Amino acid sequence: MSTENLPQSPEQPPRKPRVAVVFGGRSSEHGISVVTAGAVLKAIDRTKYDVLPIGITQDGRWALTADEPERMAIVDRRPPSVDLLAESAEGAVILPVDPASREVVYSEPGSVPKALGEVDVVFPVLHGPYGEDGTLQGLLELSGVPYVGSGVLASAVGQDKEYMKRVFTSFGLKVGPYVVIRPREWERDEAAARKKIVDFAGEHGWPLFVKPSRAGSSIGITKVDDLSGLDEAIAEAQRHDPKILVEAALHGREICLLYKSDAADEL
Ligand SMILES: Nc1ncnc2c1ncn2[C@@H]1O[C@H](COP(=O)(O)OP(=O)(O)O)[C@@H](O)[C@H]1O
Ligand SMILES: [Mg+2]
């Protein structure tokens with residue numbers, strides 16, 4: 001006789017909410033994300049939550065990974081990576097796109113797909129494009145799995161320094177002077193695009209801060225003191241995002257604020 005459908009005995013503890021901690025990813029901030037996930041895995045209360053660590057490799061495979069936060073640290077200046085933590089070189093975790101199901105499946109070439117059970121909430125611990133920029137959030141909206149953090153619009157706007165400034169300005173907030181160089185502008189006429197930056201420096205002075213528009217963790221950002229450093233700074237920013245942003249230097253103290261809200265009608 002199957003005991004599966006029998007009511008749970010009072011001694012049996014209720015099922016803990018299952019949290020999928022998703023980290024790594026395809027952006028240049030892969031390593032930073034793994035470090036952050038290590039901190040999350042260490043801090044999460046295991047008496048309250050059941051944890052399923054899912055690492056996204058640099059080429060985008062969702063891998064099952066070891067639940068070993070101590071291996072998720074920078075060692076000898078080398079950042080950790082999901083490929084080193086993955087339990088197999090080929091297996092992939094598949095999230096249901098059907099909102100009626102929260103059942104996660106593990107598939108490995110040559111094997112029958114294995115059910116990994118239901119996930120109650122996804123905790124995205126990703127940085128940068130394909131993680132923090134609304135794309136993963138869109139996937140999670142489609143699959144109907146609740147997730148931690150900002151929604152699609154706030155993630156997309158927050159990840160793109162150009163659009164973040166445009167939204168801030170539209171709400172009356174002040175932002176520092178900046179210019180944007182779009183990929184097509186650069187492809188069409190590099191000299192004209194470079195002149196736009198030099199003219200900007202003529203107006204606002206050096207140093208300039210040259211940045212990829214969609215990146216973070218200071219990756220790809222260069223402080224340029226004069227014309228001689230400009231070309232290398234542009235190339236470095238473009239390595240991370242073909243759209244780049246050039247800002248005038250701001251003087252003052254930098255303050256980071258965290259804003260948390262449950263209100264669905266806010267950005
Ligand atoms: N316009 C600027 N003026 C002065 N310092 C800047 C400027 N832009 C960036 N920085 C410095 O570079 C750091 C990273 O830049 P930021 O725009 O915050 O990028 P990220 O998204 O990588 O955090 C800032 O914390 C600050 O120290
Ligand atoms: Mg910053």
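**Salt bridges, ligand shell and backbone of a predicted model**

E236 and R239 both sit in helix α8 (residues 230-240), three residues apart, about one turn of the helix. Helices here are DSSP runs of H or I with at least four residues, strands are runs of E with at least two, and both are numbered from the N terminus. The two residues form a salt bridge, with the closest N and O atoms 3.0 Å apart. A salt bridge is a side-chain nitrogen of Lys or Arg within 4 Å of a carboxyl oxygen of Asp or Glu. E236 is partly exposed at 21% relative accessibility, whereas R239 is exposed at 55%. Buried means under 20% relative accessible area, exposed over 50%, and partly exposed in between (1.4 Å probe, protein chains only).

The model is predicted: local features need pLDDT of at least 70, side-chain atom pairs count only at pLDDT 80 or more, and totals for chains, interfaces and linings use all residues. Residues are numbered from 1 along each chain as its sequence is written, chains are lettered from A and ligands numbered from 1 in the order in which they are written, and side-chain values use heavy atoms, without hydrogens and water.

The chain has eight helices and 11 strands. Its C-alpha trace spans about 85 × 40 × 35 Å along the principal axes. Of its 267 residues, 39% count as buried.

The salt-bridge count comes to 18. D120 pairs with R15, the closest N and O atoms being 3.1 Å apart. D120 lies in the loop between β6 (114-118) and β7 (121-126), and R15 in the segment before β1 (18-24), so the pair ties together parts that are 105 residues apart in sequence. D120 is buried, with a relative accessible area of 19%. R15 is exposed at 53%. E68 also forms a salt bridge, with R71, at 3.1 Å between the closest N and O atoms. Both are partly exposed, E68 at 28% and R71 at 40%.

Ligand 1 is surrounded by 13 residues, the closest being K161, K211, S218, L250 and E254. A residue belongs to this shell if one of its heavy atoms lies within 4 Å of the ligand. The shell divides into six nonpolar, three polar and four charged residues. Ala, Val, Leu, Ile, Met, Phe, Trp, Tyr, Cys and Pro count as nonpolar, Asp, Glu, Lys and Arg as charged, and the others, Gly among them, as polar. Strands β9 (208-212) and β11 (244-248) each supply at least two shell residues.

S217 lies in the loop between β9 and β10 (222-224) and is partly exposed at 41%. R77 likewise has a positive phi, near 65°. R77 is placed in the loop between β3 (62-64) and α2 (82-85) and is exposed at 80%. The peptide bond from W206 to P207 is cis, with omega near -5°. P207 falls in the loop between α7 (190-204) and β9.
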